[in-house]
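Hello,

Here is the structure I promised to pass on to you. Please open it next to this email, and then read on for what turned up in it.

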Amino acid sequence: MTCLPIIIAPDPRLKRKSIPVERVDDEVSRLMSDMLETMYAAPGIGLAAIQVGIPKRIIVVDVAGAEEPPAPIKLANPELVEVSDDDMCQEEGCLSLPDQFAVVVRPRAVTVRYLDEHNVKRHLRAEGMLATCIQHEIDHLEGILFVDHISAIRRNMILRRLVKARKAKELESAMA
């Protein structure tokens with residue numbers, strides 16, 4: 001398995017819509033495994049293929065706590081087929097927006113249809129943190145970041161901080 005570089009916002013690639021995979025073959029399955037390794041190393045609880053520069057409709061998630069065994073889920077072509085009427089507020093972060101967090105309102109529960117790592121059609125009912133994580137990652141496939149769900153003022157503050165951090169890192173690299 002390979003740890004892949006994660007794209008950091010504001011990068012225009014993160015705003016691209018991802019394309020469906022025709023089928024989950026060995027190449028897609030290997031990408032899913034590489035994405036999981038990348039997500040765990042970051043560390044994070046979800047990752048979309050577009051975040052590693054691959055505009056395919058693939059996400060991986062694992063919301064197991066530190067004291068729990070890993071519970072990875074690999075999803076190709078995930079599609080929300082049902083969302084609950086009741087919402088929940090959850091603080092979200094993103095591996096593509098390091099050290100930035102904001103409260104986002106999303107449906108409390110969802111049902112998602114997808115292809116698993118063996119190209120088998122599946123449905124999953126998710127609630128709470130898992131539902132939030134799945135929705136967050138599916139948003140990435142549509143070119144939507146969690147900051148697109150918050151006020152423009154707060155979003156612009158976060159994006160300016162990321163630009164400033166990138167420039168500082170570039171300057172530091174140039175001086176080394």
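Let's start with a hairpin: β6 and β7 form one, with five residues between them. In its turn sits Asn 119, which has a positive phi of about 65 degrees. Asn 119 is a residue other than glycine with a positive phi, and at 23% relative accessibility it counts as partly exposed. Please keep in mind that this is a predicted model.

**Around strand β6**

One to look for joins Glu 82 to Thr 111, the latter being in β6.

Is β6 largely enclosed or open? Six of its seven residues (109–115) are buried, so the rest of the structure largely encloses this strand. Buried here stands for under 20% relative accessible area.

**The whole protein**

Now zoom out. The protein has three helices and seven strands. If you walk along the sequence, the order is α-β-β-β-β-β-β-β-α-α. The radius of gyration is 16 Å, close to the 16 Å that the globule rule gives for 176 residues, so the protein is as compact as a globular protein of that length. Its C-alpha atoms fill a box of roughly 50 × 40 × 35 Å along the principal axes.

How much of the protein is buried? Of the 176 residues, 44% are.

The contacts tell you something about how the sequence comes together. Take the contacts between residues at least 6 apart in sequence: 65% of them join residues at least 24 apart.

As for charge, there are 23 positive and 27 negative side chains, and the centres of these two sets lie 7 Å apart.

**A buried threonine**

Next, please find Thr 132 in helix α2 (residues 128–141). Why does Thr 132 count as buried? Its relative accessibility is 4%, and the cut-off for buried is under 20%. Leaving aside residues up to four places away in sequence, Thr 132 touches Met 88, Gln 90, Glu 92 and Arg 106.

**Some backbone details**

Two peptide bonds are worth a look. The bond from Ala 9 to Pro 10 is cis, with omega near 0 degrees, and Pro 10 lies in the segment before α1 (26–41). The bond from Ala 42 to Pro 43 is cis too, with omega near -10 degrees. You will find Pro 43 in the loop between α1 and β1 (46–48).

Finally, which phi value does Asp 99 have? It is near 65 degrees, a positive value in a residue other than glycine. Asp 99 is in strand β5 (residues 97–107), and at 68% relative accessibility it counts as exposed. Asn 119, by contrast, lies in the loop between β6 and β7.

Enjoy exploring, and write back with any questions.

Best wishes

Methods. Residues numbered from 1 in each chain as written. Predicted model: local features only at pLDDT ≥ 70, side-chain atom pairs only at ≥ 80, totals over all residues. Heavy atoms only, no water. Helix = DSSP H or I, 4+ residues; strand = E, 2+ residues; numbered from the N terminus. Rg over C-alpha atoms; globule rule 2.2 N^0.38 Å. Buried < 20%, exposed > 50% of the residue type's maximum accessible area, 1.4 Å probe, protein only. Contact = heavy atoms within 4.5 Å. Lys, Arg positive; Asp, Glu negative; His and termini not counted. Charge placed at Lys NZ, Arg CZ, Asp CG, Glu CD. Pairing = 2+ DSSP bridges.
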